Amino acid sequence: MPKSKYKRVVLLVFAMVFIFGAMSPIFALDPQKTINQYGHTIWIRQNGLPATAVNVVLQTHDGYIWFGMSAGLFRFDGVSFTQVSTNPENSKSNESVTSLCETRDSSLWIGTGYNGLRRLKNGKMYNYGSKEGFYDTQIRQLVESRTGSLLIGTSNGSYTFKNGVFRPLLLNPNYISGLAEDSLGRIWVGTHLGVRIIDESDPTKVVWLTTKNGLPQNVTTYIYTDRQANVWVGTFAGLARWKDGKFTIYNVNNGLSDNFIYVIFQDKDDNIWVGTRRGLNRFSGGKWTSYINSDGLTDNNVLSLAEDHEGGLWVCTSNGLNLFKNVNITTFTTYEGLPSNYISSIIETSDKSLYFFSNERSYVTRFINGKITKRGTQIGPLFAGPVYSARDGSLWVGQSGLLFNIKNGKVKRYDATTGLPLKWIPAITEDDKSLILYIDHKGIFRFINGRLTPYLMKNGKKYPAEEYVVCFYQQHDNLLWIGAASRLIKVENGEATTYTTKDGLAGNWVTSIYDDRQGNLWISSPQGGLTRYKNGKFTAYSKKAGLFTDEIYCVLGDDQGDLWLSSPVGIGRVSCKELDDYAEGRTNIIHSQVYEIADGMKTDECFGEYQPAGWKTHDGHIWFATRIGAVMIDPKTFKKNELQPPVLIEHVTVDQQIIPPDHFISLPAGTQKLEFHYTALSFLVSSRVLFKYKLEGYDHDWVDAGTRRVAYYTNLPHGDYRFRVMACNNDGLWNEVCADFGFKLEPHFYEMYWFYALILIVLGGIIYGFIRLRLWQHIKKEKELQDRIQEALANLKILGGLVPICANCKKIRDDKGYWDQLEEYVQTHSDVRFSHSICPECAKELYPDMILKKKKT
């Protein structure tokens with residue numbers, strides 16, 4: 001491995017250790033919450049779990065979660081389960097995995113159900129058998145001691161492994177059900193005849209603990225040592241804690257859900273978790289609480305437990321996988337004591353009591369000082385509707401044709417006998433004069449001394465009966481805001497002003513009105529979003545502006561400068577400063593965060609049919625009604641994930657062939673398809689982990705990949721490249737320490753410099769040859785011309801000299817003594833050519849008849 005690459009790997013490992021070490025106290029499970037109030041995610045076969053039963057779970061130092069199942073060994077990054085073969089001789093075979101242990105040298109030891117011991121180190125799988133001195137095939141448990149020895153418990157004995165050597169621990173009986181090391185360095189071994197305590201330095205010294213010493217039963221199932229030096233022993237008949245030389249017994253009689261113990265674990269907050277045959281148990285503050293299948297656990301048989309670096313508790317069962325995590329939203333349901341999960345209204349009275357009302361049952365439920373109490377009888381035959389907290393400390397509850405007043409634990413009923421019509425009462429408020437009601441299709445009334453009188457405007461007219469009222473807000477005694485189904489009405493000093501979307505409202509249906517005491521009214525609508533009213537001007541905020549939804553049921557503000565919005569798709573949060581900046585034109589976009597089931601809600605659907613559907617309590621907590629419970633948010637302690645997720649490139653696919661990304665490689669010419677598979681190890685809300693990547697040498701800017709965990713490139717030109725990827729966590733914090741992979745794409749031979757040089761040389765040779773040919777042709781032609789000129793000149797000299805000619809036939813004698821015709825001689829020795837004709841004198845002499853005929857004609 002190149003030094004630079006080695007340095008990057010070392011830095012990444014140290015960064016992971018630092019990050020994971022620092023995050024422990026931040027996200028540990030809050031012991032003040034019930035188990036039901038933790039965030040709970042499940043995996044079963046139907047949503048991707050590779051096998052039904054999960055035998056064992058472990059998180060390794062690099063951040064991956066590993067699972068041993070009947071289908072084999074699997075690595076998990078929060079999104080995908082990747083199978084890792086445990087058989088070095090046959091990678092396609094599946095081996096049941098029963099135990100896992102990571103040792104200090106980063107080796108992952110794997111115990112199988114029937115195929116012996118395996119070890120995964122530096123990406124290579126090793127098998128240990130009789131050749132190495134290990135003779136058992138059924139591995140029960142693996143533990144690393146403080147001296148660096150690997151303790152191995154099997155169905156036929158126990159071993160230690162150190163410095164490459166296996167040493168058996170001779171015990172009777174030899175079926176090992178548990179292994180642990182105590183604070184004194186002694187090894188505790190569980191069997192079906194009690195516990196054996198062995199000194200590793202002298203295995204012959206054995207201490208026996210049985211029912212005679214206080215164990216509830218000799219058949220042990222699991223042994224665990226906590227950070228307070230307590231040793232916990234699980235049996236078929238309960239749980240035993242060894243402290244100060246004696247056992248304390250826990251069973252169904254003092255809070256455990258079942259006596260059959262499968263697994264024991266201590267989390268970062270020192271809570272003890274116990275998996276039994278009937279669910280999950282937590283021991284905190286001296287009390288046991290349980291969580292079973294009917295509460296939401298995937299199965300009652302809890303087989304393995306582990307805590308990840310972010311404080312999440314992984315719970316493996318016989319039928320699925322569970323993850324419990326600390327969340328910012330706390331939900332109260334029937335598990336915590338509510339009479340119904342269906343919550344329609346929440347309100348606080350002046351004595352700091354919080355009341356929950358249900359659209360499903362008309363119980364009165366009170367929450368004060370952390371305790372939930374319920375009235376023994378319902379307040380009426382129908383479900384509760386809108387509620388109102390009056391100035392005198394009492395509660396008013398509206399139903400159809402019924403009105404209830406609750407004060408000092410007493411309930412007073414008003415109905416038709418007191419003049420109430422058999423109509424629905426959807427809204428209640430009061431001013432300095434009386435209680436004010438809206439009765440469906442009847443109008444707005446004052447309720448004075450148990451009697452209805454019309455609510456009159458300044459002109460003496462009644463409020464229109466057909467105008468359905470959803471909510472009231474009495475800003476002060478002379479100013480009443482009415483949220484209706486088709487508009488917003490301001491009644492000031494008896495005069496009404498109407499506002500609709502034409503005046504700037506986000507939507508005409510108004511569900512709630514919140515006064516932030518800073519000069520702003522915030523108005524929610526299920527038909528258009530959110531509206532701010534300030535200094536007589538409306539500003540609308542919708543999904544187009546950045547709001548998470550246009551359907552808002554209830555709006556509340558906290559003391560930290562944020563608004564909280566309930567909706568059918570979760571609870572949203574948005575900064576008031578951003579909303580103000582948008583209204584003043586300083587920005588054209590707002591950013592809103594939505595919180596859902598992953599954040600602690602039991603459902604995304606809030607309730608908004610009756611008001612108040614949410615409430616800000618005296619301690620600054622924000623409460624909302626949902627269709628599964630009442631949710632509470634404490635903005636002061638609302639945690640933001642400040643932990644950067646470690647980013648890893650898992651593998652690279654080159655033309656369908658997988659290669660490891662652990663070193664710089666050179667790819668052959670003609671490589672067409674490249675795939676980079678990457679991940680980020682954050683398990684709080686894995687679905688919100690986002691990625692950016694860049695191929696240096698090709699991409700000019702970072703590519704926003706969203707949640708996609710693979711990058712594709714095709715037909716890249718040859719050259720040197722480096723693929724880099726970064727990720728952000730569920731709260732948008734980016735880890736800019738990128739994972740990277742460098743490679744070189746080799747050129748084809750015709751793309752190499754020597755080939756270009758050869759082409760230049762050949763081309764130069766051709767050009768040179770062509771020039772030489774043309775030059776030779778030119779010289780040759782010039783020489784021929786010169787020869788002809790010389791020959792012509794020579795001939796001209798011959799004709800210019802003394803030429804012998806016959807006096808009779810006129811033939812000429814040449815230099816060789818031959819006699820030639822005159823014209824032939826002249827043509828040979830000059831450029832003169834002859835054309836033959838006949839002169840008139842010769843014509844008369846030779847052709848007299850022809851001449852005579854011509855004259856006659």
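Residues are numbered from 1 along each chain as its sequence is written, and side-chain values use heavy atoms, with hydrogens and water left out.

The mean pLDDT (the predictor's confidence in each residue, from 0 to 100) is 89, and 93% of residues reach 70 or more. Residues 1–25 are another story, with pLDDT below 50. Where pLDDT is low, the predicted coordinates should not be read in detail.

## Overall form

DSSP runs give six helices (H or I, at least four residues) and 67 strands (E, at least two). The radius of gyration, taken over C-alpha atoms, is 48 Å, well over the 29 Å that the globule rule (2.2 Å times the number of residues to the power 0.38) gives for 857 residues, so the protein is more spread out than a compact globule. Its C-alpha trace spans about 170 × 105 × 45 Å along the principal axes.

## Aromatic rings

Searching the whole structure turns up 63 aromatic pairs, meaning rings of Phe, Tyr and Trp (its six-membered ring) with centres within 6.5 Å. One aromatic cluster includes Phe 676, Tyr 678, Tyr 721 and Phe 743.

Two charges also sit over rings (NZ of Lys or CZ of Arg within 6 Å of the ring centre and within 35 degrees of the ring normal). Arg 196 has its charged end 3.0 Å from the ring centre of Trp 208, while for Lys 692 over Trp 734 the distance is 4.8 Å.

Methods: This is a predicted model: local features need pLDDT of at least 70, side-chain atom pairs count only at pLDDT 80 or more; totals for chains, interfaces and linings use all residues. Rings of Phe, Tyr and Trp (its six-membered ring) pair if their centres lie within 6.5 Å; planes under 30 degrees apart count as stacked, over 60 as edge-to-face and the rest as tilted. Contact means heavy atoms within 4.5 Å.
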